[in-house]
Amino acid sequence: MASPAQFRRNGDFILGGLFPFGKETVNLRERAEPTLLRCERLSLLSHPRLFTDGLIWALAMKFAIDQINNSSGLLPGVRLGYDMYDSCLEPLAALQPSLLFLSRRGSARIALRCNYSEYQPRVTAVIGPHRSDLCLLTAKLFSTFLIPQVSYGASSESLSNTEQFPSFYRTVPSDKNLAEALVQLLNQFGWNWVATVASDDEYGRGAQALFLSMAGADNICIAFEGLIPADLAEPSTRRQLENIIKLINSTQVNVVVLFAHSLPAQALLEHSIRMGLGKKVWIGTEAWLLSDIAVSTPEIQSVGTVLGFVMKAGTIPGFQEYVAELFSSVLQEEFCQESRQLSRVLGAEVLDTHCQQCDHVTLGDIWPMLTVIMVQPVQVAVYSVAHALHRALGCTSKGCPKTPIRSWQLLHFMNTFAFEVNGQSFRFDQSHGTNTGYKLIFWAWRDGTVTHLPVGDYDQFLYIQKSQIQFHTPDKKEPTSECFRRCQPGQVRRVKGFNLCCYDCTDCSENTFWNSTAAPRCSPCPQHQWSPAGSARCFPRGERFLRWRSAAGAALLAAAALAGALSAVSAVLLARGSRSPLARLAGGGRAVCALLALLAQSLSCALFLGRPRAALCALQQLCFALCLAACLSCLLPTALAVALRAEFPGAAPGLLRCLARRRAWLLAAASLLIQVMLCCFHLYLGPDYLVLDYESLPSEVLLVCGTRSWAAFAVLHGWNAFLCLLCFLCTFMVQTPASRYNVARGITFATLICLVVWIFFLVIFATLRTVLRAVTQVCTILATTLGILASYFLPKCYILVFRPDLNTEDYCQDLTEEQPEVNSQ
């Protein structure tokens, strides 16, 4: 087989190729002479993959170009050529052919110009190199000349900067997509305590940094992060690898995420086996998962479970047959002779990187790798340039115009248009990459050989067939890798110690919730919602008020009905016997009005039941105050008459006429009118209003009528308190002969009950903020009503019904008509 660095073919447009055929082993820093770098390759027998990867990729590029040249549909009449060089997996070694690519066509010199728009370099576009660190160096050169460079393996996110690398493209996803897939994989298995190790190169450091930033944002904690030295031949490398293994072991993680190429990955796995690290879940990437170097590590099966992501890529139809024909027919010798002749013609312009071992490669050396190495990205890279040429030249089905095309003219078409390869559509995105997604593969061992078993698929979202993964645990189930138990919804983390990833889980308190892994603390529920302790969400609050159908409501309604019924019956009895002495003594028509006021007062209890509203709140206190004032106003003339007879017997005859008949009604009406005026003043100062209390009850909103102004409350009920006190003072010291009905005693007890009830009511009402506030108000109304009925009216009704013999003029003499007695000496 011809030396890889001698793969050449002339054509109308030359594509430069950079492929990793070997490894530079000379310490470049110790070079004393600025001579051309030569690739001193490692033994092909000891590390066959180091050579076969690059050779297969180079053959894939040759195959794609031959397909295009033999096709009449893409570039009819135009022939593509290629000029392939060995990158040696070293940036400086890759720089030399890159400079040759930039030289002016037909020479080995690079012209220094201010404007390169008319400059024609040796190559039209560049395919490769494979690694990110090489691309970061070469892409700066090619972007200066705006020569399209399409890499088939560089995934560093730094290369996504289109301002810095405007002509760089790649046919693989960036490391950002890989990091997102890894985070979703860890989340699906609940692994939030992991270690990460990377090779100390552009690929490893960049991928690890992206993964660390995304993992931290997704509540995945990194127990340890380390770097594998770039130069594995250094004496200190062994000690650094041993330190990495010791630190991984000390963290007690069960999952290790490894970003490295095949040789660094093999070195780390070898040391983990030798030092007895124990079985772990190793999550890898395409850079080492598909490599036979890592698989060939002795006792590799003892490392545990190996999972990882590889890029989705289809096969190239006819490629294996093409390679077999190339190696087994006369075509190989023709190809090699053509490459050697071109090298001799170019002479000193060609970098002499001839590899003696490369001349002895056989089909058997590379055949096993043809099904493992993904070559579609190389084919897609070649076709992307070919399609851009097709559009730039303005090709038709009949042919392509022989128009000079500058390299920079291809960029517009590569940025804008999609293209097809083997029936599959591709398009460069805004960062000049193609994201075809990933496959999740599992190392399945059968009879000592590994099979890359697909167990999942990632395309923005990850799907895993967990049943196909057999972990290294005794039950074949996934192991746990947690520094803490994962908090359940409704629990918040409480950090313990100095590591933020180690914490206990505590329940959220009442009316707070937590169900997001990104929330550092429990969040309070909205005012209209509530939650129990340890809740993951909030619930709508119920409403609490004095309901009609509640036990308390039913009892109060029954008591109000009883009070109303007694008031109505008493009013009927007194109205029917209004001309009797006892009815006249009780006040006659005024007594009936007082009982009707008590009936209305009993009915006003209904205002306190059911869902409160603003209008009801304003009416509650007004109705109670007016009804009670009407009752007390009707009792006031009788109380004053009793006081006049008892305390002022000399002036009583004249004054009593002011309390008789119509004048008594005027006094009661005046008293009630004062209360009406005070009600209007209460409305002016501020009536009661509806309060939605969210704090008193844990799971309900309390609907109560709140007092807007205690001054207005005092003004409203102050007059009734004054009437009660006045009636009480007028009657409590009055002595009545045993032969007469003691009307004063009834008024005394009625007003005393009102005063006592109101004292307790004010204390309780001012402090309560629950549904019992309405209950207290209703109980106060009922206690006042029943107290007045029992003390003043019901005894009279008893006499009217059961003791009519006492209903006489002598026993029940009208106070306003009786003359005071004069004591004789």
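1. C395 is buried, with a relative accessible area of 10%; buried means under 20% relative accessible area, exposed over 50%, and partly exposed in between, taken with a 1.4 Å probe and protein chains only. C400 counts as buried too, at 10% relative accessibility. A disulfide joins C395 to C400, with 2.0 Å from S to S; the term stands for a pair of cysteine sulfur atoms within 2.5 Å. The torsion about the S-S bond of C395 and C400 is about 115°, so this disulfide is right-handed.

2. A word on the source: this is a predicted model, in which local features need pLDDT of at least 70 and side-chain atom pairs count only at pLDDT 80 or more, while totals for chains, interfaces and linings use all residues. Residues are numbered from 1 along each chain as its sequence is written, and side-chain values use heavy atoms, with hydrogens and water left out.

3. How many disulfides does a search of the whole structure find? The search finds four. One of them is formed by C508 and C522, whose sulfur atoms are 1.9 Å apart. The link of C508 and C522 is left-handed, with -80° about the S-S bond. C508 lies in the loop between β18 (503-507) and β19 (512-513), and C522 in the loop between β19 and β20 (523-524), so the pair ties together parts that are 14 residues apart in sequence. Helices (H or I, at least four residues) and strands (E, at least two) are DSSP runs, numbered from the N terminus. Both C508 and C522 are buried.

4. Another disulfide joins C525 to C538, with 2.0 Å from S to S. Its torsion about the S-S bond is about -85°, so the disulfide of C525 and C538 is left-handed. C525 sits in the loop between β20 and β21 (529-530) and C538 in the loop between β21 and β22 (539-540), so to speak of the pair is to speak of a link between distant parts of the chain, 13 residues apart. C525 and C538 are buried.5. C680 is in no disulfide, and the nearest cysteine sulfur, that of C679, is 6.9 Å away. C724 is likewise in no disulfide; for C724 the nearest cysteine sulfur is that of C754, 4.2 Å away. C724 counts as buried, at 3% relative accessibility.

5. Next, the nonpolar cores. A nonpolar core is a set of buried Ala, Val, Leu, Ile, Met, Phe, Trp, Tyr and Cys residues joined through side-chain atoms within 4.5 Å. The largest has 60 residues, and L574, I788, Y792 and F793 touch the most other members. At least two residues of this core come from each of α15 (551-576), α16 (581-586), α17 (589-603), α18 (614-647), α21 (710-731), α22 (743-767) and α23 (772-802). Helix α18 gives the most, with 12 residues.

6. Which residues does Y792 contact, leaving aside its neighbours within four places in sequence? They are L585, A586, L635, T638, V743, G746, I747 and A750, where contact means heavy atoms within 4.5 Å. A second, separate core has 59 residues, among them W57, A64, L326 and I405.

7. T785 is found in helix α23. Is T785 buried or exposed? T785 is buried, with a relative accessible area of 0%. The side chains of T785 and Q601 are joined by a polar contact of 2.7 Å. A polar contact is a pair of N or O atoms within 3.5 Å; within protein, one must be able to donate a hydrogen and the other to accept it, and residues adjacent in sequence count only if both atoms are side-chain atoms. A polar atom of the T785 side chain also lies 2.8 Å from the backbone oxygen of I781. Leaving aside neighbours within four places in sequence, T785 is in contact with A563, S567, L598, Q601 and S602.

8. An open sheet of eight strands, with mixed pairing, has the order β8-β7-β9-β10-β11-β14-β15-β16. Two strands pair if DSSP finds at least two bridges between them. At the edges stand β8 (221-228) and β16 (461-464), each with a single partner strand, so one side of each is left without a neighbour in the sheet. On average, neighbouring strands of this sheet are turned by 25° against each other, direction ignored. Strand β7 (residues 193-199) pairs with β8 in the parallel sense over seven bridges, and V194 stands opposite I222 in β8.

9. Helices pack on this sheet. Helix α4 (residues 175-189) touches β7, β9 (255-259), β10 (280-285), β11 (304-311), β14 (438-446), β15 (449-459) and β16, and its direction makes about 50° with that of β16. Axes are lines fitted to C-alpha atoms, for helices over the stretch in contact, and angles run from 0 to 180 degrees between N-to-C directions. Helix α6 (residues 235-251) lies across β7, β8 and β9, running at about 170° to β8.
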